[in-house]
Each structure stands twice: as C-alpha cells, then as structure tokens.
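These notes are meant for a first reading, and they go through the model point by point. Please keep the sequence and the structure open beside them.

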Amino acid sequence: MTAPAPGQSADNPFPVRGVAIRVAGWIDKLGAVWVEGQIAQLTLKPNSKTAYITLRDPAADMSLSLTCPRDLVINAPVKMTDGTRVIVFGKPNFYTGRGTFSLRVSEIRAVGVGELLLRIERLRGLLDAEGLFDPRLKRPIPFLPGTVGLITGRASAAEHDIIAVASTRWPAVQFAVRNTVVQGPNAVPQIVEALRALDADPAVDVIVLARGGGKFEDLLPFSDETLCREIAKCTTPVISAIGHEPDNPLCDLVADLRAATPTDAAKRVVPDSAAEQALVADLRRRSARALRSWVNREQHTLSQLRSRPVLARPLDAVHARAEEIHRARSAGRRDITRMLTAESDRIGHLSARLSTLGPAATLARGYAVVQTLARSGEPAVLHSVADAAAGTQLRVRVADGAILATSDGIEDKVMWG
C-alpha cells in the first residue's frame, strides 16, 4: 500500500517550517502589485530603519499591513499622517519566522486632489445614472419629528450647534445621538453602522448627518460610494449637513434634504415654536376677521331682503289680490244677475207665446175639443161628423174640464152668421 503524501495524514504531518516555507513560496509567486488606501496607523520606531503602516480600505472594514524603509516615509512627496490617501507599490511577503503577512513597499505616491476630484466626478455620474439623485425619490421631512437621530463627531461643534438651536426653536424635541469618527479611514464604517442603527429604530423620525467644515481630504468619507448607497437605502428621511455652504460632498445629493451648515439643519429639522405661535395667533385673527366680515355681509343681505316690500309688508299683496277678487266677484254677480234677468224675460216671452199658441188658450176663448170614445182603444179626436153616428159616446173638453155626451146623429146644415 502506497504511503500518504506528507501533510495528508496524521501519520505523516508537515512540520511548522514546512508549512511556513510553502506558504512563503506561494505568496512569493504573486509578484508586485499597486494598492490604494488610507493610512490608518503609521509607526516609526526611533532605532529602526523600517516603518510599519496599516493601510485601510476607506469603503470596508479591511486593512493590510505594510512595511517599508524609514527613508521612504520621511522623503515622501507629502507628509504621511493618519488618514492620508496613498497609492503604494509593493510585493507580498510572508515572514516565516513570525508567520505574518505584509506588503513590502518600495514606492509610495500620495493621491492628489485632482485625482480625487476626478474619481468623485466619475462616482457622481454613476450614482446619477442609477437614479440615486432623482428628486422624485426624496422622502418628505416630517413637520414635527418626535425623535431626531444625529450622527456626528463626539463633543463636536456641529453636535452642540444642532442640539442648542433645535432645543431653542422647539424645546420638546428629543435626540438620539450616535458619535462616530467623521474623518479618516474609520469614518465610513462607523457612520454606516450608526446610520443602520438609527434607521432601524422606529422612534426616530428623521436622521441628521452632520460635520463641521474642514479640508477637502477631511470630507472625503462623505463622498464614499458605500455611504451614499446606504443613505439611499434608508427608509427614514436623511438630512445631510456636511461642512459649510461651498462644500458639496456626494451624500448631499443622495440625502433627502441638504442643509448648508449644521445650524441650518437644526432650523430645518424642527419648526420655530415662537414663529408657529405667532402664525397661529395671526391665523386666529384672520379667521375671526373673516368670520365677522362674513356675518356682517350676511346681516346686510338679510336687512336688504327684509326691507323689500314683499317682506316688509307681506299682507299688501294679499290685500291687493283681495280687492281684485272682490271686484271680480261683484262683476261676476252683476253679469250673472243681468244674464238671469235677460233669460227670465226671454223665457217669459216664450211662455206667453206658447200660452197664446197652445190649446188651453184656444179652449179659454170658447172652443172645445170633441173626442169619440170607443169601447176599446184610446179616445180619438173627432174630425168629421161622419165619425159621430147616432149613439156614439163623445167626450167634450172645454177650458175648465170635460163632459160626456152622446151623439144624436148628424144635424142639418146650419148657416153660421
């Protein structure tokens, strides 16, 4: 059976030196590399020719150990201090004696302001293209926040100004303060952590990110891509108050509101209680004046309506109509009486004419109506003497009644004189 390779079993392990030598060999094959970062710590020992540097990534909580000749730091084109942005050229090394990794630097270059501005402009274009500056995405700042989240340096003038001005304007305002580093390589991670904590707090209604003025290099963390994207992800409105009026880091463009100074942020985050009370008093005066004007106008309108004749003397119209009705009734009675009189006279005339022409008048003048009475049937008027043979029963009607008679037959003709 073939024996396992060294380091592949407990029976044939590598010694420490074997692992260290192999790791050093692998790392040595990587070759030299250019690296950019911020100096987080610089150590120059008095009796040592080697300088030790901790280079930190400004956008992440990661660092790298560097070693370089002491003269390389002293003779650098700019003064090497904590927070300086540099580009280094070095070769990765693994020190087998201590089992540590470092980058052996042979060249150091400071990142110039022009290069930094160019990078910020490129990042500005990228974020703008992604829509992070879109005004439609800006969240409205609450009129009267209950608790204001404040991210600023510890015991800084910005913290004092914001709290003092805001408390003067609105004494009931509450602050949730998160003190962080506001410049240097540790600023971005601490600010991002504080921002996430305040955004997750349901009691915080608005977050203020504040820092006083400073050099361009000091404000670089507030143009960091990681911080800008974290501000854009917040659900709580964010106010950016970085530096003074001329300063314009990228976080100003991503935030929901930009304040020119920390003092300006305090004025924007809470209203002025005195001004609001004056506004309420003015509104009350204006509303009372408007109400009085409305009441006076309505009273004037009612007075005008009441002064009109139809409302001032409402019975006049009734009386006028009553007189018209009385005249119409009188005229109607007069016309009816006249019509009845005329008709009565006409009926009287017609009655007289009918009486004159009727059989009763004729009978009254001495005439009579003779009827034959048959045993069966209705009486018939006698028209001819031939119809009244002897023995015929007759009924003679005169003006005041009727008599019964019996025909004796036909009488000889008599001449009427």
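1. In which helix does leucine 127 lie? Leucine 127 belongs to helix H3, which covers residues 113-129, where helices (H or I, at least four residues) and strands (E, at least two) are DSSP runs, numbered from the N terminus. With a relative accessible area of 0%, leucine 127 is buried, a word that stands for under 20% relative accessible area, while exposed stands for over 50% and partly exposed for what is in between (1.4 Å probe, protein chains only). Leaving aside neighbours within four places in sequence, leucine 127 is in contact with Leu132, Phe133, Cys228, Arg229 and Leu250, contact meaning heavy atoms within 4.5 Å. The C-alpha atoms of leucine 127 and valine 254 are separated by 8.6 Å, although these residues are 127 residues apart along the chain.

2. A word on the source is needed here. This is a predicted model, in which local features need pLDDT of at least 70 and side-chain atom pairs count only at pLDDT 80 or more, whereas totals for chains, interfaces and linings use all residues. Residues are numbered from 1 along each chain as its sequence is written, and side-chain values use heavy atoms, with hydrogens and water left out.

3. The next item is a closed barrel of five strands, which runs in the order S1-S2-S3-S5-S4 with mixed pairing; two strands pair if DSSP finds at least two bridges between them. From one strand to the next, the twist averages 55°. Helix H1 (residues 16-28) packs on the sheet, where it touches S4 and strand S5 (100-110), and the direction of H1 makes about 145° with that of S4. For such values, axes are lines fitted to C-alpha atoms, for helices over the stretch in contact, and angles run from 0 to 180 degrees between N-to-C directions.

4. Strand S1 (residues 33-44) pairs with strand S4 (residues 85-95) in the antiparallel sense over six bridges, and arginine 85 in S4 is the bridge partner of glutamine 38. S4 and S5 are also joined in the antiparallel sense, over ten bridges, with phenylalanine 94 standing opposite phenylalanine 101 in S5. The hairpin of S4 and S5 has four residues between the strands, and glycine 99 takes a positive phi near 65° there. Strand S3 (residues 63-69), by contrast, pairs with S5 in the parallel sense over two bridges, and threonine 67 has arginine 104 of S5 as its bridge partner.

5. Strand S6 deserves a look of its own, since it is mostly covered, with six of its six residues buried. Thr147, Gly149 and Ile151 point one way from S6, and Val148, Leu150 and Thr152 point the other way. In a regular strand the side chains alternate between the two faces of the sheet. S6 pairs with S7 in the parallel sense over six bridges, and threonine 152 stands opposite asparagine 179 in S7.

6. Is alanine 155 buried or exposed? Alanine 155, found in the loop between strand S6 (147-152) and H4, counts as exposed because its relative accessibility is 73%. Its phi is near 55°, a positive value in a residue other than glycine. Most residues other than glycine have a negative phi.

7. Helix H4 (residues 157-169) and helix H8 (residues 262-269) have axes that come within 8 Å and cross at roughly 30°, which makes H4 roughly parallel to H8; angles under 35 degrees count as roughly parallel, over 145 as roughly antiparallel, 65 to 115 as roughly perpendicular and the rest as oblique. On the side of H4 the contact is made by Ala158, Asp161, Ile162, Val165, Ala166 and Arg169, and on the side of H8 by Pro262, Thr263, Ala266 and Lys267.

8. Glycine 184 lies in the loop between strand S7 (174-179) and helix H5 (187-200), and at 15% relative accessibility it counts as buried. Not counting residues up to four places away in sequence, glycine 184 touches Gln38, Gly83 and Pro221.
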